[in-house]
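This report describes how parts of one protein chain meet. Please keep the model in view while reading.

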Amino acid sequence: FSKDTLTEDDFQSGIAEVQYFPEDENEVVIQSQYGMAKAKSKAMQSKLFSDLSFSNDYYDAVTYLYRKGTVQGYPDGTFQDTKTVSRIEALKFIYKGFDKSTTSNQSVSFKDAFSGQWYSDYVASASNEGIIQGYADGTLKPEQGVNRVEFLKMLTKALGVTVDPLVTDEPYNDVDVLSWYAPYAQFAKSKNLFPINGSNFEPGLAMNRGEVAEVIYRMIMLQENQAEKYSVLLKPGN
């Protein structure tokens, strides 16, 4: 921090708070100086979450979404990137990731999702907007893990993205061109939304917190850079 970073107005009762976002895992030492007087902090380990290292595949996505206020960690300081995301949690990720507003005090019309819960506004808003649909028995199965194609359908509908329904070639070996989700898998591949190595998409695979963060991050990068396909060269604000 330079001497011009903090002003008198930044101090409350003699204390000023600053946020520092490190770019690597090197130890950080902060030195303060007033006139000739100097003071140094102890060496601090730079880590956003205790279980998320800089080498983690999802680090950039999680860091970006954390600073944006989309994701949070757990009280023990972990992020738990391998934890499965439920269908209802996926809605929250999408709404907060793309700054979509919800309407309060709407009724929830599913047998297993109720009004007055933390998720009620997300569910009601998403239902009214056509982002989600329940099952034939009137349930939503909110706690069920969201799989890749379910998440893609939610995401594209939430953003108003038109997905080409015509699929002539299998986008992946395990995606039949006649399956209902083939257009979504084709869209994901064309945009490079998923970090997939190989020729299988695994459409029914439940997504974890790291993967959900990664897909949302890639979609945001496409929007911010007005790009057709995600690349690691795309950066925020470019």
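Contact means heavy atoms within 4.5 Å. The model is predicted: local features need pLDDT of at least 70 and side-chain atom pairs pLDDT 80 or more, while totals for chains, interfaces and linings use all residues. Residues are numbered from 1 along each chain as its sequence is written, and side-chain values use heavy atoms, with hydrogens and water left out.

**Two helices in contact**

Helices (H or I, at least four residues) are DSSP runs, numbered from the N terminus. The buried residues of α3 pack against α2. In α3, these are S120, Y122, V123, A124, S125 and A126, where buried means under 20% relative accessible area, exposed over 50%, and partly exposed in between (1.4 Å probe, protein chains only). On the side of α2, the residues I88, L91, K92, Y95 and K96 meet Y122, V123, S125 and A126 of α3. Helix α2 (residues 87-97) and helix α3 (residues 120-128) pack at an angle of about 80°.

**Salt bridges**

A salt bridge is a side-chain nitrogen of Lys or Arg within 4 Å of a carboxyl oxygen of Asp or Glu. By this rule the count comes to 6; the table includes three of them.

| Pair | Closest N to O |
|---|---|
| D99 and K68 | 3.0 Å |
| K191 and E228 | 3.2 Å |

R148 is buried, with a relative accessible area of 7%, and E211 is buried at 5%. K191 also counts as buried, at 17%, whereas E228 is exposed, at 61%. D99 is exposed at 61%, and K68 is partly exposed at 29%.

Technical notes
Axes fitted to C-alpha atoms, helices over the stretch in contact; angles between N-to-C directions.
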